[in-house]
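This report describes the surroundings of a ligand and the nonpolar cores of a protein model.

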Amino acid sequence: MEIPAALIERLEGARRVSALTGAGVSSESGVPTFRGPKGLWKQFRPEELATPEAFQRDPRLVWEWYEWRRSKIASCSPNAAHRVLADWERRFEEFWLVTQNVDGLHDRAGSRNLVKLHGDLWELRCAGCGVRERNEAVPLPAIPPRCHCGNLLRPAVVWFGESLPEAAWRRAVEVARSCQLFFVVGTSALVQPAASLPWVAREAGACVVEVNPDSTPFTPFADVSLRGPAAVVLPALDQVICQVGQRDEESS
Ligand code: BJW
Ligand code: ZN
């Protein structure tokens, strides 16, 4: 994989680096994406499964879909792209990872400076009292699960029409505004407000690098587009970063 010289130059001076990831980063782990020919939304209707109204109408149906996804993801492991992004916390002076993914693979790869915009599939939240619990049981003992208060528990994820967790969103904007290099990895850049983050970074003067096998609405505005699967492109980039680091050490 050829890394453009202009990007190598930006990598040399980069101290504050951030990345926004989407479903594509987990694709090579076997987790289905949402859009595209094999995406979940080709097979399922989002308004029947990923809205608060759908949950109110038929919590069992919604939970069956989440159970299916939880069991699929439980058998998946982080891939090379997740691992490189976790390593970048050590490679750069400051590295923050903002993800739209709810699959938990970034946590499992070791990322700690992690902002989760759309929640976490392995957390449940009471639709009544709001209490949260971590729950990795697959399958759950009962569907739909209930809280101690008697109300239904729901997956602690962000459905269409719902607001993003306020603190996570605030942090994500801060991170995008203050970095020098911003990577946009494996997202169709269609779902708002997450899709506005590359713009925030760009307007604040960051060099924005897109990593995706396909083009997105953001592609024409990216400073650099690296076409290919994240699990191939990110390790190639990491190798360049290592070489740059070694060169700096030798010359100092
Ligand atoms: C690879 C690869 C490889 C493949 N390597 N790359 C009009 C009507 C109604 C609503 C709206 C509207 N306009 C805007 C809205 C708001 C809506 C929205 O943006 N809708 C658009 C779709 C039009 N947004 C919201 O509702 C958000 N809330 C909000 O805005 O609140 C205020 C508000 C309230 C009321 C009305 C309006 C505003 C909330 C959004 C929540 C999104 N939730 C989901 C489900 C999460 C839970 C779960 O998983 O079950 O989040 S939807 C789904 O999309 C999921 C993802 O996080 C999100 C983004 O998808 P992502 O990650 O980009 O995946 P894909 O599949 O789209 O793309 C994969 C990419 O990877 C592709 O580009 C591939 O090429 C690439 N790829 N293999 C690298 N190996
Ligand atoms: Zn409760």
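## Ligand shell and cores

The shell around ligand 1 comprises 13 nonpolar, 12 polar and 5 charged residues (Ala, Val, Leu, Ile, Met, Phe, Trp, Tyr, Cys and Pro count as nonpolar, Asp, Glu, Lys and Arg as charged, and the others, Gly among them, as polar). The model is predicted: local features need pLDDT of at least 70, side-chain atom pairs count only at pLDDT 80 or more, and totals for chains, interfaces and linings use all residues. Residues are numbered from 1 along each chain as its sequence is written, chains are lettered from A and ligands numbered from 1 in the order in which they are written, and side-chain values use heavy atoms, with hydrogens and water left out.

In total, 30 residues surround ligand 1, and the closest are Arg35, Tyr66, Arg69, Thr187 and Ser188; a residue is near a molecule if one of its heavy atoms lies within 4 Å of it. The table lists polar contacts, pairs of N or O atoms within 3.5 Å.

| Residue atom (N or O) | Ligand 1 atom | Distance |
|---|---|---|
| Arg69, side chain | oxygen | 2.6 Å |
| Glu162, backbone | nitrogen | 2.7 Å |
| Thr187, side chain | oxygen | 2.6 Å |

Taken alone, ligand 1 exposes 1,500 Å², of which the protein buries 73% (Shrake-Rupley method, 1.4 Å probe).

The largest nonpolar core has 32 residues, among which Leu7, Leu11, Trp88, Leu181, Phe183, Leu234 and Leu237 touch the most other members. Such a core joins buried Ala, Val, Leu, Ile, Met, Phe, Trp, Tyr and Cys residues through side-chain atoms within 4.5 Å, buried being under 20% relative accessible area (1.4 Å probe, protein chains only). A second, separate core of 26 residues includes Val62, Trp63, Cys76 and Leu152.

Technical notes:
Buried means under 20% relative accessible area, exposed over 50%, partly exposed in between (1.4 Å probe, protein chains only). A polar contact is a pair of N or O atoms within 3.5 Å; within protein, one must be able to donate a hydrogen and the other to accept it, and residues adjacent in sequence count only if both atoms are side-chain atoms.
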